[in-house]
Amino acid sequence: MMGILSLVFTQVFRGATPHFPIYLLIGLIVWQWFTNAVTSGTQVFVAHGDIIKRTVFARQALPMATVLSYAINFAIESLVLLVFVPIFPDAFRLTPALLLVPLLLVLLALLLVGITLATSVLNVVYRDVAYIVNTAILLLNWLTPVFYPIEVIPQPYRSILLWNPIGGILQALRGVVMQGRAPTALEWAMAVGPTALVLLGGWAIFRRYERMALDYV
Amino acid sequence: MSEPIVHLECVGKSFRRFERPPFLLRNLLGALVGRSQKPKEFWPLREISFEIRQGETTGIIGQNGSGKSTLLRLIAGAAYPNEGHIAVRGRIAPLLALGAGFHPDMTGTECVEVNGIALGLSRSDLAARMGAIVDFAEIPEFMQTPVRFYSSGMLARLGFSVAAHTDPDLLLVDEVLAVGDHAFQQKCMDRIAALRKQGTTILFVSHDASAVARLCDRVLWLRDGQLHRDGRPGPILEEYLKVYS
């Protein structure tokens with residue numbers, strides 16, 4: 001998958017970004033976490049209807065656990081990235097900026113929790129939410145610079161694109177790993193701002209629909 | 001022995017009954033053109049008020065659909081009332097379904113651990129009681145087997161065993177014993193009687209009038225979502241059996 005994609009896209013975007021395979025790989029593993037967590041997080045209440053109906057516990061734990069369980073997948077996939085360090089030594093920068101990686105990953109996890117808190121309860125009440133989410137993920141895939149270098153998007157669209165919740169985090173991660181560059185204030189804003197909004201919104205929706213969801217599951 | 005542990009005041013629960021299943025897109029479009037679907041409401045429970053004092057064993061009887069399970073779910077906190085107010089003190093052990101919270105791929109031991117912790121036991125408490133739980137369930141040789149291979153009787157045994165060994169303040173039992181064989185049912189009844197002696201408050205739904213008569217100090221009879229009778233088991237059970245036979 002990774003090989004095919006990088007072969008195709010390296011040809012398409014020749015010279016647009018240095019070390020495109022690594023750029024792509026980082027995009028792919030982040031994106032994997034995103035899709036896996038959001039898709040199964042959306043289903044988690046419907047799938048575990050019995051537990052929710054018959055036992056009592058802090059129900060927000062379910063979407064959170066889904067996000068964290070895919071964090072394990074993400075960690076394993078990240079190990080693949082290490083294999084590429086000797087192959088593309090110039091693509092990685094071992095600088096103190098790497099210390100920001102955990103912080104950015106926590107941000108990503110919070111973003112995922114925010115999204116799944118909302119979609120998991122909504123999907124119980126409105127069973128078409130899972131389909132809407134799948135379509136939205138497809139669209140977001142192309143609105144996020146996963147497969148293409150951000151440079152191919154002309155301004156002003158590029159800046160607009162980077163405000164999408166996952167785009168900011170992804171670009172910050174790439175900057176830290178590949179260029180050893182800590183995000184600028186604006187880049188932090190693009191990573192933190194949408195995440196905070198999604199998290200607050202997700203929590204609000206969860207609180208509003210949680211009780212209703214118990215009757216619909 | 002006289003502190004109210006469960007207090008319900010004019011509790012009502014409404015469910016919506018849809019003509020068509022609710023879909024977000026249809027509802028949003030419907031709202032845009034001003035033709036939103038008005039779900040019909042119905043009330044499986046309404047204007048329920050009672051108090052249960054610490055140490056009481058209360059049976060809940062009524063036909064199918066009279067609101068017994070909904071009432072237990074409300075008290076357990078697995079559903080919320082739309083009207084009125086519920087207050088419950090202390091640790092609740094809800095036994096609302098066979099092996100609820102048992103994941104099919106987990107082994108019996110793992111399910112006991114997850115369930116026990118969910119019911120409020122600490123890890124050390126749990127370790128200390130594991131032996132008693134397994135002994136009670138009488139399936140020691142299956143404890144390392146994933147529960148998807150269990151029979152419904154085995155699930156019931158294990159589920160009841162965990163809940164009955166958590167020293168709850170309030171034990172809620174919803175007809176789950178019907179699956180066990182006679183000997184196990186008898187054992188559960190004895191266990192309930194023992195818990196009752198220890199001062200555990202017990203609320204238990206059953207269609208078995210003789211079990212209710214034997215175990216309970218008090219009976220609540222639900223009929224059409226209303227609290228039809230509330231009092232000593234003898235006369236109420238007599239009337240109940242007369243009405244439905």
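A residue is buried if 20 or more other C-beta atoms lie within 10 Å of its own, exposed if 12 or fewer, and partly exposed in between, with C-beta atoms placed from the backbone. This is a predicted model, where local features need pLDDT of at least 70, side-chain atom pairs count only at pLDDT 80 or more, and totals for chains, interfaces and linings use all residues. Residues are numbered from 1 along each chain as its sequence is written, and chains are lettered from A and ligands numbered from 1 in the order in which they are written.

Q: What makes Leu241(B) count as exposed?
A: Leu241(B) has 11 C-beta neighbours inside 10 Å, so it counts as exposed. Leu241(B) lies in helix H8 of chain B, residues 233-243.

Q: Why are H5(A) and H8(A) called roughly antiparallel?
A: Helix H5 (residues 100-125) and helix H8 (residues 165-179) of chain A pack at about 165°, axes 10 Å apart. Angles under 35 degrees count as roughly parallel, over 145 as roughly antiparallel, 65 to 115 as roughly perpendicular and the rest as oblique. H5(A) and H8(A) are therefore roughly antiparallel.

Q: What makes up the contact of H5(A) with H8(A), by residue class?
A: The contact includes Leu104(A) of H5(A) and Ile169(A) of H8(A). Contact requires C-beta atoms, placed from the backbone, within 7 Å. The residues divide into 13 nonpolar, no polar and no charged. Ala, Val, Leu, Ile, Met, Phe, Trp, Tyr, Cys and Pro count as nonpolar, Asp, Glu, Lys and Arg as charged, the others, Gly among them, as polar.

Q: Where in chain A is confidence highest?
A: In H5(A), at a mean pLDDT of 94, on a scale from 0 to 100.

Notes:
Axes are lines fitted to C-alpha atoms, for helices over the stretch in contact, and angles run from 0 to 180 degrees between N-to-C directions. Helices (H or I, at least four residues) and strands (E, at least two) are DSSP runs, numbered from the N terminus. Two residues are in contact if their C-beta atoms, placed from the backbone, lie within 7 Å. pLDDT is the predictor's confidence in each residue, from 0 to 100.
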